[in-house]
Each structure stands twice: as structure tokens, then as C-alpha cells.
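Subject: Structure handover

Dear colleague,

Here is the structure I promised to pass on. My notes on helix packing and charged pairs follow below it.

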Amino acid sequence: MDIFILRHGKAEDAGPGGSDADRQLTKRGRDDILAVAHWIALQDLHFDLIAASPLARAQETAAIVADVLGTPERMRTWMALVPGGNPDTVCREIGRHPDDSLILLVGHEPLLSSLVSRIIAGDDRAGIVMTKGSLAKIRNYSFTERPSGELHWLLTARQMAGTGEKRYGL
């Protein structure tokens, strides 16, 4: 199973009395994620599932990707992807899907970097940084005794926006 992990785009600040959960993407955030979504499409990636945190900025990020790929029906909300969530809970959710699945997870820091670290190193100390709009690919994910997999790549939104052609092996 291959897992793709996407951090939401740049979001607006919470206004006075505003809720963190309701923060939406800024124009730049939407533009960056649109560029990421087009890059994903250029790579011929087709996800069996696009799972997103219930927070507005993650839902909006996932919807942009799903719309560009023409697969809005594959979007699901996972409470496990909320900020401060538990990487092992996310791994158990992933494990409920067939081994040949391609899954895109859309969420927040610090959960996403902890999740990548947990999968590739067995703990939270790998020093992974997921900037806004960054995308990681983990190959050969499995959950037997513990989550495991190989970090194949981690790209920033800027790197994906700067590549106009399909790149072999990504």
C-alpha cells in the first residue's frame, strides 16, 4: 500500500472569538493547493480514498484535490486526523483498507510529521517537517507489529508548483 500525506494550505488567522476549526484557506493557500493538485494529476496518481481532518482548511484542501482529480466521491472525513491526533489511531484506520490501496491523507501539524516519523522510524523523533501544502509519499506501508514503510519522497508546495512536466519515479 502507498500512502500520500498532504498538509493543508495556508489558512486565514482565527479572528477574535473565531474558531480554529472554521479557519479557511487564504487565496494563496487555495492557489498553492490548486497547483499541488495539478501536479498530482500530472503524476497520474489516482487515490482510492482521500481522507481529511474535519477542520475547514483540511476539508477545503482535500476538496480541491478531489475536484481536480475528478473524484469527489472518494472523500471521507477522519476524526483521527485532527490536530493533536494519535499517529497509531491513523495507522489503524489506514489498516482497514486493502493492501493495494492508494490513500491520500490531508491534515495538520504536528500530527502529520509525527505520523511519517512513526511509520518510517518507529517513533516520533525522525525530524520530519511538513510545511503547508507539502506532500509525502510512503511506499510499502504495512501494519503488522508496528506501522512501517519507506519515505519515497517529500516535496514542498513550491517544488511542485515549479515542475511543469511529469517526472519519472514520482
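Arg30 and Glu60 form a salt bridge, with 3.9 Å between the closest N and O atoms. Arg30 belongs to helix H1 and Glu60 to helix H2, so this pair ties together parts that are 30 residues apart in sequence. Arg30 is partly exposed, because its relative accessible area is 35%, which falls between the limits of 20% and 50%. Please keep in mind that this is a predicted model.

The axes of H1 and H2 (residues 56–69) come within 9 Å and cross at roughly 40 degrees. That angle makes H1 oblique to H2. The crossing is right-handed. On the H1 side, the contact is made by Arg30, Ile33, Leu34, Ala37, His38, Ile40 and Ala41. On the H2 side, Glu60, Thr61, Ile64, Val65, Val68 and Leu69 take part. By type, the residues of this contact are 9 nonpolar, 2 polar and 2 charged.

Leu34 sits in H1, which spans residues 27–42. Leaving aside residues up to four places away in sequence, Leu34 touches Ile64 and Val68. Is Leu34 buried, exposed or partly exposed? Leu34 has a relative accessible area of 37%, so it counts as partly exposed. Gly107 is 73 residues from Leu34 in sequence, and their C-alpha atoms are 16 Å apart in space.

Back to the charged pairs. The structure holds 11 salt bridges. Among them is the pair of Asp2 and Lys137, whose closest N and O atoms are 4.0 Å apart. This pair links distant parts of the chain, 135 residues apart: Asp2 is in strand E1 (residues 2–7) and Lys137 in strand E5 (residues 135–143). Lys137 counts as buried because its relative accessibility is 11%, and the limit for buried is under 20%.

Another salt bridge joins the side chains of Arg23 and Asp20, at 2.8 Å from N to O.

Best regards

Terms used:
Residues numbered from 1 in each chain as written. Predicted model: local features only at pLDDT ≥ 70, side-chain atom pairs only at ≥ 80, totals over all residues. Heavy atoms only, no water. Helix = DSSP H or I, 4+ residues; strand = E, 2+ residues; numbered from the N terminus. Buried < 20%, exposed > 50% of the residue type's maximum accessible area, 1.4 Å probe, protein only. Contact = heavy atoms within 4.5 Å. Axes fitted to C-alpha atoms, helices over the stretch in contact; angles between N-to-C directions. Parallel < 35°, antiparallel > 145°, perpendicular 65-115°, else oblique. Left-handed = near helix turned anticlockwise from the far one by under 90°. Nonpolar A, V, L, I, M, F, W, Y, C, P; charged D, E, K, R; others polar.
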